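Entries follow below the structure.

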Amino acid sequence: MNYKKILIAADASENARRAVDYVGRIVGRSPGFEITVLYVIRHAERDLFPDDKSWQARKRHEKEEALHVLRELKELLSTKGLERGTLSTDLLEITDFSIAQAIMDYQKNGGFGTIVVGRRGMSKAEEFLFGSISNKIVHYAKNCAVWIIE
Amino acid sequence: MSKEVKELVKTIRPGLSLGEYGRVYRDTSAFMKISYGDVIELKGQHYLVLRDESERSFGIEDPKYWVKRCIHLESGDRKILKLVFHEKFTLKLGDLEIPCYRSPRKEARILDLVRGDKRFMQGQSYHDAKGNVVRILDVVRGKRLDHCVFEIEKGHRDYFFQDFPRILGKFMDSCRAIGMLHEKREIHGDIRRDHLWREYKGGRYVWIDFDYAYEFEESPFGLDIFGLGNLLIYLAGKQIYTAANIERIIGERRVKLEENDFSLLYRNRIVNLRKLFPYIPQELNLVFLHFSQGAEVFYETVEEFLRELEPCLDIIIERKEGWS
């Protein structure tokens with residue numbers, strides 16, 4: 001695996017921004033790095049909405065927000081001395097439950113040697129009830145380095 | 001309008017007399033208006049409304065205006081009709097607040113999925129004239145399982161060795177039922193003590209009310225599994241134990257309790273029951289501790305939970321022989 005090929009898993013949170021900022025500071029102006037910022041959307045379930053209209057509106061909003069965040073994060077990385085040609089972004093919409101699994105599949109298929117993910121402070125109870133993407137990646141990612149940015 | 005209902009009752013169920021004859025509703029959107037003496041008509045079938053269902057919490061009767069106790073006029077059977085009420089509310093679990101949504105669509109889907117599986121309440125759904133998804137449920141003739149257990153008039157040791165093994169065996173089957181839902185990408189969504197009932201006839205355990213939906217980050221089944229753990233601990237203990245009530249329960253015996261002995265979410269509830277009842281096998285207690293503040297590893301699937309729980313039944317039965 002090429003550890004200089006870095007996959008940053010992002011979302012709209014401040015933690016994701018911190019993770020991108022950290023990577024920029026560490027690898028900015030260093031040669032040979034290739035960075036992809038990936039935003040995985042698992043759209044809210046239809047069950048949470050009274051009708052199709054409000055569900056579709058939410059899905060549109062989620063996608064627009066993701067594209068906006070990706071543009072911002074790419075911009076942020078380019079200010080750290082990374083050349084635009086070495087930066088890419090990708091948006092993945094999934095229907096499976098696990099965002100962590102989608103990130104790990106993307107890493108494997110793309111030959112990324114490093115996964116970077118931000119972590120928000122989550123209580124044990126929250127982790128039990130809702131699960132934690134970063135913890136799952138730490139436990140199950142294979143053949144790559146994992147950076148957790150708090 | 002009252003004439004229409006009077007005629008209907010006279011034609012379909014002539015033996016029935018009502019104090020009040022209301023109107024016939026084919027559109028159930030305004031469910032607050034539908035009350036005693038009204039008839040809901042769905043797919044040519046008629047449901048005479050007797051009353052609103054209510055839930056008792058903290059000693060207060062809380063009416064559920066969207067849930068109607070009815071008589072199906074054509075058959076004379078009692079039915080519960082759940083009308084459409086899209087509600088977003090906050091579910092409080094200990095200190096955590098979880099935004100929840102009431103989803104008629106989800107419950108209708110699960111009713112289809114579990115048709116014929118008597119571990120779940122049974123029913124079907126129809127659209128009313130305005131497209132509302134109305135669920136028509138068979139009445140579960142029974143009682144909340146936790147109430148049945150609490151009312152067993154025995155000390156804990158006798159209960160644990162004489163009654164709990166049978167209860168645990170049946171509870172594990174209820175867990176398998178939830179596991180089956182998860183395999184089909186569905187969740188119960190509201191596993192708590194008042195949603196598992198024991199039928200009077202045959203003693204079967206039945207899950208009710210699966211219309212809750214909520215958002216999660218990575219683990220879709222966490223809330224259900226936590227509910228199963230809570231129920232298990234209640235059933236094993238025969239009640240809830242808190243720092244405030246254990247003195248009354250265990251008498252003068254001294255028990256040193258630590259933070260990690262308490263529930264991860266309900267921070268006043270003791271889950272390390274072996275400290276109170278040393279005859280509880282270590283293996284079973286370790287399952288309880290997965291739901292404690294000291295837990296480092298959590299069950300992610302019902303299968304994982306059952307893998308550790310299933311061997312405990314034989315262990316209790318072996319110990320029972322040792323104790324007698």
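The model is predicted. I looked up the strand order in chain B and found an open sheet of three strands, β10-β11-β12, with antiparallel pairing. Its edge strands are β10 (142-144) and β12 (205-207), each pairing on one side only. From one strand to the next, the twist averages 35 degrees. I then checked what packs on the sheet. Helix α5 (residues 164-183) of chain B does, touching β11 and β12 of chain B. The helix direction makes about 30 degrees with that of β12(B). Between β11 (residues 196-199) and β12 of chain B I found three bridges. One residue I traced was B:L196, whose bridge partner in β12(B) is B:W207.

**Ring pairs.** I got a count of 22 aromatic pairs over all chains. One of them is A:F128 with B:F291, tilted, at 5.6 Å centre to centre and 35 degrees between the planes. A:F128 lies in helix α4 (residues 124-130) of chain A, and B:F291 in the loop between α8 (282-289) and α9 (302-323) of chain B, so this pair joins two chains. Is A:F128 buried or exposed? At 2% relative accessibility, A:F128 counts as buried, because the cut-off is under 20%. B:F291 is buried too, at 0%.

Next I looked up B:F277 and B:Y279. Their ring centres are 6.0 Å apart with planes at 40 degrees, so I logged the pair as tilted. B:F277 is buried at 5%, and B:Y279 is buried at 7%. Both belong to one aromatic cluster, with members including B:Y159, B:F164 and B:Y241.

**Charges over rings.** The charged end of A:K4 sits over the ring of A:F33, 5.1 Å from the centre.

Methods. Residues numbered from 1 in each chain as written. Chains lettered and ligands numbered in written order. Predicted model: local features only at pLDDT ≥ 70, side-chain atom pairs only at ≥ 80, totals over all residues. Heavy atoms only, no water. Pairing = 2+ DSSP bridges. Helix = DSSP H or I, 4+ residues; strand = E, 2+ residues; numbered from the N terminus. Axes fitted to C-alpha atoms, helices over the stretch in contact; angles between N-to-C directions. Contact = heavy atoms within 4.5 Å. Phe/Tyr/Trp six-rings, centres within 6.5 Å; stacked < 30°, edge-to-face > 60°. Buried < 20%, exposed > 50% of the residue type's maximum accessible area, 1.4 Å probe, protein only. Lys NZ or Arg CZ within 6 Å of the ring centre and 35° of its normal.
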